[in-house]
Structures are given as structure tokens and as C-alpha cells.
Amino acid sequence: MAPKLKSDTRKFDNTVCDTVISRIEFRILTEEEISKLSVVDITSKTLHDIKTRQPSPNGPLDLKLGTSTSANICSTCHGDIQNCPGHWGRIKLVVPVFHIGFLSHTVNLLNMICKSCSKCLLPLEKRLIYHDVTKFKTKIKDNCKLIKICSFCNSQNGIVKKINFRIYHEIKPITSKNETTTTSVFEELSPYIVYSLFENIPIEDMKYLFLKQSPVNLLIKQLAVPPSCIRPSVDLAEKGFNEDDITVKLSEIVNVNTIIEQGIRGGMALNTMNDDWDFLQLQISLLFNSDLPTVSNIGTNATPIKGYIQRLKGKFGRFRMHLSGKRVDFSGRTVISPDPNLSIDQIGVPKEIAKEMTFPEKVTDFNIDFMRKLIENGPDNYPGANYILYPDGKKIFLKYARKKKVSVGDIVERHLLDNDILLFNRQPSLHRISIMAHRVKIHNNQTFRFNVCDCTPYNADFDGDEMNIHFPQNYEAKAEAEILMGISNNICTPRNNEPLVSPTQDFITGSFILTSKDRFFTKKKFFQLLCYIQSSTELIGRIDIKPAIIAPVELYTGKQLIEVIVQVCSSKYNKTITLKCKNRAPTPKYNTGASEPREFYMLKNHYIYGVLDKSVIGSDNRKGSLIYQMMKISNKAVVQLMNSIAKLSVRFLMERGFSIGLDDVYLTENVTEGKNEIVSENVNEVFKILDSNKEYSDTDELKISSYLNKIRELCGTTCIANLSTKNAPIVMQECGSKGSKINVSQMIACVGQQIISGKRISDGMIDRTLPHFNKYDNSPSARGFVFNSFFTGLTSYEYFFHTVSGREGLVDTAVKTAETGYMQRRLMKALEDLSVYYDSTVRNSHKNIIQFVYGEDGLNPLFYESEMYENIFNSVREYNCDEKFEKNFFKFYLESLIEELGNEKLKTDVKEYLETKYTNDHVCKQVLVNYFNELKKYLKNISIEPGTAVGAISAQSIGEPGTQMTLKTFHFAGVASMNITLGVPRLKEIINANTKIATPIINIVGIQSESEAVDIRKRIEKVFIKDVCKSIEAQIQPSGCIKLIFQVVGDINSIISVVCRKFNVKQDSFDSFCHFIDNPNENSIFTVEKIKRQILDIQISGYKNINNVFIKKESDSYSLIVEGIDFFEVLGTRGVNPYTTVTNSILSIADVLGIEAARNAIINEIEYTMGSHGIKIDQRHLMLLADTMTNNGSVLGITRYGIGKMKESTLMLASFEKTADIIFNAAYECKKDPISGTSESIILGKKVGLGTGCMEILE
């Protein structure tokens, strides 16, 4: 049971805002409330007086409603356009009309009441049963619909339906024998009739009708007219006025209403009045919603207007465009460009922007001289100031001001200066490190500049990308930005704690060449390179380094340069780095014949061997990252390390020279021979398959694809083995800075097989891909294999095949962007409110518990290391002790120490680790005590902090990598014709909790023999009569009897009995049965054939929803891959082990094994899907998503329906999807929104209850 949250009764200081909205209640306005709200009755359709050009009195633009132009003054509050908030009016309708937003509610309510006496149709005896109406809402509705005779007035009732804007009551008259006729009578229920019915509903019945307010409000008798300021009128002088759609529609409504009123007084014909009434209904419906199918095609206007609903919903509606997201001041945007000379925490800002972006600096005794200098410079000279704000509220613009006096206490809006803090952002902002804080460096050019190491978190490149800056406007905001959003504090991603800010591309290439074995420098050159990394803030100071080669000439190596950098960065903290890790790949063999080892080794800041490639200084892995090791020493040290590597590698590369040319991709004789040998060998294997006499199958196609795909990879290996070690593409792919073996192969040797949707190119013409080839040609050339390289040039048909593949890539990228973007939005909406509370639980905005402990261990994934237990043990094992534990005493002592950890998962993990160490290593009492002391300190530092928005971080960590996944990915499950959907479609299936998935698989493992696997397959696989029947002979006899005689493989008696049960007839003999037909004639033969087809499709064994079963050979056993969803039936099949059998259908697992199993399946399936693309996500993020989806006992998808069940806030749901439906439903049900979640707080400008906003400050 979770600890109860304590509440403090003391008052909190909340001086940030004078008024805070704590709750919003939704309901429908009554006629009295509309009358009280309105300041004028709109009775005239005229908008403007022709002579004065002023708004017409009592018209839709009456000045009592407020003003929308600066020339007029409001007649109600006498305010101008800036000070008048606007006022409401009303139109009194002569006849009531239906409200288009509540039309479905009106119909539902009419179905539940008697159309004569207005009482609820639920009989008294049923009311006693359903006294708790909240539990039996659906049953009460269904019971009311079934009742045909009212138990109170004995009048007949039927189903109420709506057709367009009319409501009809369908009655089936009852005959004298109390039987209903088949013909229906439709009675129209006009708004007058419905209004009177609703008016007469007894108060005691409202409970059973789920009404919380008078239902007469569902109809409109008084139409509220919105203020003029939300529908401004634009004066076009001679051309007249440009009016808002709503104003025009209100004018039409007033006009129709007046016509009806005059018609009633003048005795208008009933048909004419009904037409006008319908037109009034149409105009009012269009005012609210102009998008309904029944509405949009009826109106007289050529272009549809924008009704109230259209102004609220969608991407450009009020909620998403103006409330959830807002435009801000003090922001800028321009193109980005790289600058390796800037620190990774700096941003180069153009001086032109710096003059416009100002900061309100308060004048003090310490800065008054500097402020005066800025004021003298003014707005045009940099650095300067634009405005002075005096304590009395007066503000002067310095460009034209004569008096420029300033004193202590005044505020000067100064220009952006060096080392100010800016927020830097690139869209789309898929995760939190898409916006980070940088220090400013002003320059005279036109672009934002930053270090290339920062590209990865922003996903930025320099092909024309633009980025945004935001300037915090007070010191508190600047401090928060620097500490929480600073580059040095966000080097690793919360997705998996791997460094994203790291050297990339040219930096890696330069470092790789610099640290190669043949790189030597004279003393002069060595110290010149060292000078490149020195700056005013990062001085190297005195260094003690000896040459690597003394005679005949003193020479230094590139490794020594890196060694100096590492020593300088870590020396301030009195710590050293020891790192041993694998290099990315073996480095090329040089002319000396020596080759680099495949390992990087640094011992206590001394560079022993290996090269710097992507695996050491890139973002490939955390465990072997020099960047990560330096970050553990200090965040400032790692910034200095990356700055130094960036400056040094680029300057070195510029001086040495590194470029690509035709000589790099020229085909040498060795490469040509190797290529021809590889191609001929594999193509020969392909033709052997094609020339074989057996029928061409999917397995053959899979083998051919395998041979052809192998050619490109082998050609790449040949290129690397035979080309020069100085070859630029090879150097880049070796060190990991750019490209791969396949890129090298395509440029130099062979472009390779073109794949479309996981297959070779299919037929574009009749029985062939192109007219260049013969029909039924399956050879490599005819199916999209490109033998040439980009250097040698492609033939016409090869070029066509290549463009086909390229087109698929472009389309996939566009579709994938839309799919993953929508997925990200849904994830964020579902998880945005989840945060860690001070009792260690994870709760939503309504304080409902989602997890008792975050991630089961309460640790922050941003700091968690899987090897932390080993690292801590290694740090304390140096203590020498001869006293060794007895095994029993060790366990007892361990249990007592473990209890101090508190968390169950941590206890289990630590116990397992230390018991392994006791068996394999020397563990004494003091080592154990020291270990636990260090462990507790470490766990305290990496524990998740209360207030952390873990939900948003999880959503970002799952959604952001989705952009890196391919749209169409197929994984062959060990058999040729069986593939499993992966990539974005599979991720969508899991997150949406789809009932029907593309490839449902049940995996049965651990089968000992092939014969056993065959037996189980026979029990599971579907078998139809057509699979075992050789023939069916039909004999038609004059009596009308059809005798069917079977010849089958297997037990014929059981098959005949199945057929007899299907047709409900008796078995005639061992091998036949008789079926009787009425009136036999010449057409009976068709009946016989129809019966035979039905018989052949009868299933005689296996499970209904199993499509295929494949046997797969494992290393020491067999497994069955079952395609289908009958998980329950498969688990109960004889020979199947239910403990090891799994399926990828989440909902099947939930139905069969329960909700906890479904939760684990969600985690495992997402982890597998992401892992198949090389994407690692910390399991804590997946656990939070799985817990959110399964929190209420059933699996809810992150969809419109699922989020609606998870969330209660009306504003949050309205800002997501179905805006109008959500708001109308909330008004009908009188819902209350406590404004406690993230979305609703942002909409109302309220402090969000996450992070620093999760607590209040006591007075």
C-alpha cells in the first residue's frame, strides 16, 4: 500500500499572479443567463449606416458590443479598442431551433422518455434494480429503447431518429392482437414539441436520464451574440467593409428571424413558414459548425464559412495555435553555420540581432558607469541600449530622446552582450535537448554559429537549416537556463545515458589521422599545434613532455598531443583516466607493414596505444567513451576536452589537407579482378537455382536475394583490402566519421541489388520489369541488380532501377515523418502529467498512482550505469584484509546491510552481485562495509529527484528514436515465406494496442525432436476436407436424395461424421452420406456443385485463427513458428510447454495470462522492435509507458479512445482531438476541470505542477 500524501494547512505565498484559476465548470447557458449577460438585443440585419459609416444601432456590430477599430469607442464601458474587453448581445428567436452541438444528446434523451407524458420510460420495478445509475448507465439506456408502451400513460413509443436537422419518431402500430405491424409511421418532432416535452420532464426522473441541468437548454430560444472584437470589421474605404464570417451569418439569422416573425403576424402559409424555419435552423447550425456533411453542401455560399467549431479545432484553431502554443517576444531566427573555434557551450550571434534583443538591466552603483556608456551609444551603436524605463512607468526610446539621464533603480534595456545566456532551439523539438542554453559570442556575420559537436542533439546539419534563439528576461530565468539547460549538464541523453554532444565527422577524421602510428612532429610543429587549442579561458600552462623519438631527430607523436589535452583537462581535479576499449575497426596497414592494434588503451592519463575513432570519442557507446570518462571527472573538463579536440583536429586537417577526388574512386586492377571474381561466383549460384527443373518458389527467391546482396558487401571488403591506405573514403569509413563499407563499394566497385519493400524489383510491364528484357526473366539484371559502380556509370535500365529504389526512400521518409510525428504527439499527451512525488511514487495530475517506485529502483536513467556495482567494488577492493567470511555468516551480514537499501529491486541486484563475488573473489568484512558506504553515497547521487517530469522524458525517449527507424522493415523468422513486421508500423501496433496486428506470431520453443515438432504442428495447423479428399462422387436420385461418396486420405469415418454434423443429416454408410433437396429438376446439378464446394471448405482439425505453422531448426532443439492469434488454444495443445511459449499479440496475452503479463509483453516488444534497429532505450522509460497503458486493469492504446479513458481534464482532451465533441459533452454533463495537469495549466497561463513548479514556497 502506498504511503498517504500529507497536506499542509498553512497558506502559501503565491504572488506571481494576482488571480489564479483553480477550477472550470462547464454547462449550457440558460435563457436567463444569456439575458443577464447581454447588453443589447440584435434586431436589425444592417451592419453599417451608409452615410456615417458607423455601426448600425441594434445591428450585429452595435457599439454596445464593443469596438473592433481604433476610431470608435465602446458605448457600454466607454473604452477604446485596447481597454474594452467586448460585451455580449442576444438574438431573441421567434421559434426554437435545435442546437447542432447537442443534437445527438437530444435524440438520446428523446429515446429515453415517453413522447406523450415526458416521463422516463424505465418502469418502477427496474428503477429499484438500477438505483445506482452510474453503474448501470448503458443498461438503463438499452432498457428504455426496448420499451414500446409507456408504463405510466400507456401510450405507444418507438425509436427516435434524426435525418439532417429534423427529428422523427418511428412508430410501428399495434394490431388488435397486440402484434406490431411491419410498416412504420414517422411522426416529426419539431423543436416546439421537443421543447415542451423537455419542459415537462419530472424532476425525480432526471436522475434516471442522467441530467444535471434542465434539458430545455439543449434547444436555442435566445442566441448569444459574441463581442465585436472577436469578429473585427475592416473598413476598405470606397470598396466598403470586409466583414467576418460570423458577423455575416448573424446578419442572415436576424433577417430570417424577422421574416418568420412578420409571417406569423401576417398569417403566413404553414408550408412557407416551415421552409423559413428550416432555413433558420440551417443558418444557426452553420454558425456553430460549417463542416458537417449535411450542412456544408446545402448553403448558398460558394466557399464555406468558418464557424465557431472551425475556430476552435485543428492545428490552426484557438486551442493549439493560440493557447497551447504562443508566439513570444525576444526571439530570433536565422540560418546556422559551423564554427569549430567556438566552445561547445557558445553560440555566435550576428551583431544585427544583438541590437534588437535586449535585456532589462537594473542600474546599480556597480554598473551605472557601464550603463551610461551603453545609453550614450544608443540603439544604433553596439554595444548600446534601446530604452530606459523609469520607476514611475515612463519609458523613453533612446534613438530620439534628448534627455538621457539615468540613476540607480532605473531599468536600461541593453543590447545582447557576450556571455549572456540564450536558449537555442531547432524544430522539430522531439526531445528536451532540442533546446539548450548557450553563452553568447557576438560576430559581424549573418548566421548563428556553433560548434559541430552540438549537432547530434539538435539533429542539425548545415544545408540551409534555420534555428531559433530565445533571450531569458530576468536573472532567475537565466540561472535556471544555465543550470538546467546548459550544454555541460546535458551532454548525455536521458534516453540511455549515452553522450550525444561529442566530436563528429571532421573532428573524428582529424583525430584518427593524428593518432595513427606514422604521425610524427618536430618540436616546433608539436608546440605550434598545442597553441591552437589554447584560448583565453582554457590556458594550457606549463607541461612536462619528452619526445617519443630522441635520435637522430627529436620527434613527437600525435598521441602525445591527445595525452597533453587529457592531462590539462583533468589536472585541476586531481583525477586520472584509465580506459581500455575496442577500436571501431582495424586501421589500415601502412608501408612499414605495421598495423595498429584493435584496442584503445589509456592508463592514468598516459596514452599507451590505439587510435581515436568514433568508438572512443564519438557517440557510439558509453562504456568505451573517453568523453563519458572525462564527464565523470567534471562537466567543465569534458567541455574543455571537446573544445580542444575540435580546434586541434580541424587545424591539423586543414594544414595536412584531406579531400576526395577521382583518384580515390578509381578502379585498380586488383579491385577489378576481385570484383569480377565475386560477381561471377555469386551470379553462377543464382543461375544454378534458376536453371534447376523444380518449380520456382519463395525459398528460391530468398536464396537469390541472399547471393546478390552478398556481392556488394564482399566488394566493399575487397576495396578496403586492395586500395591505398591514404584513400579518403576508406579512411572515413574506418574511423566512423562518415560512410560505410557499402558506400565505398557502390562508388568504386558495384552499386548492387535494388530492393523495393524487401524484395527484388517486381514486374512493371506484362510478365517483365522493362521492355529491355524477355518475358519471365528472373535473372539478376532483369530484377534490379546493378553491376556497374557510380564511377564506371550505370546503363539506362540500371539507372531506372536505381531511381525506383530512390523514389521509395523519399516516399518512406515523408510518410515516416508524419507517422512518427503523430505518434510522438500522442505519447506526450498521454504521459505529460506523470512526475515523481516526494513519497517516491509516480503519479498523474489527479494524484493517481502509476508506479510505486519509479522504474522499480528509483534511479535516474540519465546517471544510471549497468556496471556501477562492478565499478564501486573495484574502488574498494584495494583494502587488504586476511579475515574472510564463513559462508553462513557472510549471508547473515549481507542481509543486515542490504536492508538499509530499502528498495526491493536494488536489494535483489546487490545480493546477486555480491554472492557471485563471494564465490569468485576475496570479500572480507571491511570491504563489504566500505562497499555499502560507497554504494549508498552513489545511489543517493543518482536517485530520481522529486518533481522530475518522468512522463514527458519517457515519451520523448520513445518517440524521438522512432524518426530513425525505417517505415518498411521485414525480419525473416528463419523461414523463407514468413516475415515479421518491424519498424514504425510495429511500434504503432504496440502503442495503439491494436486488436488485429499485421503478423501475429506464436513461438513454441524447446521441442526435442523433429517428429515431436511434426506431431504438434498437425494438432495446431488447420486442415480442410479439400486437403485430404481425393474425390467426391455425387448421385442424384429421383426422390430428391443426393448421395455423396468420398475418397479421402486418412480416417474417412471421422470426416463423414464432421460433414454430417455440419449439414445436420444422418450418416448413410462408411464412405457416403445423403442430402435431400426439394423439387429436384435440371438445375439440381448447380445445387450439388454448391454443396460440394461447401463440403471442401469444412475444417476438420486445427484451430480456426491459425494460418500457417513452420518448423525451425535451432542449435540443439526445434521450435514452431505459428502464424495466428489462437494463443489460448495453442497453450493447451498436447506437447506445448505453456511456460516458454510466447506471442507478439499484446491483447492475446492480456486475455490469456493477465494484465501483468501484458505489461511485460509491451516492454519486451518495444525493446525488441527498437533493438532490431540498433536503438537502445533505458527500460525505465518503457516500464512507465507500459504501466500507463495497463494501469486500470485493461490494455489501453495511446489513441484518442485510450487517452480519453486515461484523462479526465476537458481542456486537455479538447486540446488533443475532437475539440467540439469534448466541449459539448462536458457542457451537457456539467463536468468540472480542476486545472491540475500540464496542458490545461499552459492554456490558462497557470504554473505547471512539474519540476520547480511541483511545490509551493511557504510564507
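What follows is a walk through a few strands, helices and side-chain arrangements of this structure. Please keep in mind that this is a predicted model.

Let us begin with strand β4, which covers residues 88-98. This strand is mostly covered, since eight of its eleven residues are buried. Strand β3 (residues 38-41) runs parallel to β4, and two bridges join them. Here D41 stands opposite R90 of β4. Strand β8 (residues 219-225) runs antiparallel to β4, and six bridges hold that pairing. To see one of these positions, look at V97, whose bridge partner in β8 is I220.

Next, move along to strand β17, residues 421-425, where you will find L422. Is L422 buried or exposed? It is buried, with a relative accessible area of 0%. Setting aside neighbours within four places in sequence, L422 is in contact with I347, V349, M357, L416, M436, A437, H438, V440, I469, H470, F471 and P472. There is also a pairing of positions across the sequence to look at: S331 and L422 are 91 residues apart along the chain, while their C-alpha atoms are 9.5 Å apart in space.

Now for the aromatic rings. A pair of aromatic rings is described by the distance of the centres and the angle of the planes. How many aromatic pairs does the model contain? The count comes to 24. One of them joins Y130 and F136, with 5.2 Å from centre to centre and 40° between the planes, a tilted arrangement. Y130 is buried, at a relative accessible area of 10%, whereas F136 is partly exposed, at 24%.

Compare the geometry of F773 and Y797. Their ring centres are 5.1 Å apart and their planes make 75°, so this pair is edge-to-face. It links distant parts of the chain: F773 is in the loop between β26 (752-753) and β27 (785-786), and Y797 is in helix α25 (residues 796-831), 24 residues apart. F773 is buried, with a relative accessible area of 10%, and Y797 is partly exposed, with 23%.

Rings can also gather into groups. F424, F448, F450, Y458 and F462 are linked by ring pairs into a cluster. Charged side chains meet rings too. The charged end of K478 sits over the ring of F359, 4.4 Å from the ring centre. R651 lies over the face of Y532, at 4.1 Å from the centre of that ring.

Between β28 and β29 (residues 842-843), the antiparallel pairing runs over two bridges. V836 stands opposite V842 of β29.

Among the buried residues are V950, I953, Q956 and I958. What provides the cover for α30? It includes α25, β28, β29, α31 (983-992), α38 (1155-1171) and α39.

A disulfide is a covalent bond between the sulfur atoms of two cysteines. How many disulfides does the model have? The count is zero. Two cysteines show what lies behind this. The closest cysteine sulfur to that of C229 belongs to C84 and is 6.5 Å away, too far for a bond. For C750, the closest cysteine sulfur is in C715, at 5.0 Å, again too far for a bond. The cut-off behind this reasoning is that the two sulfur atoms must be within 2.5 Å.

Methods:
Residues are numbered from 1 along each chain as its sequence is written. This is a predicted model: local features need pLDDT of at least 70, side-chain atom pairs count only at pLDDT 80 or more; totals for chains, interfaces and linings use all residues. Side-chain values use heavy atoms; hydrogens and water are left out. Helices (H or I, at least four residues) and strands (E, at least two) are DSSP runs, numbered from the N terminus. Buried means under 20% relative accessible area, exposed over 50%, partly exposed in between (1.4 Å probe, protein chains only). Contact means heavy atoms within 4.5 Å. Rings of Phe, Tyr and Trp (its six-membered ring) pair if their centres lie within 6.5 Å; planes under 30 degrees apart count as stacked, over 60 as edge-to-face and the rest as tilted. A charge sits over a ring if NZ of Lys or CZ of Arg is within 6 Å of the ring centre and within 35 degrees of the ring normal. Two strands pair if DSSP finds at least two bridges between them.
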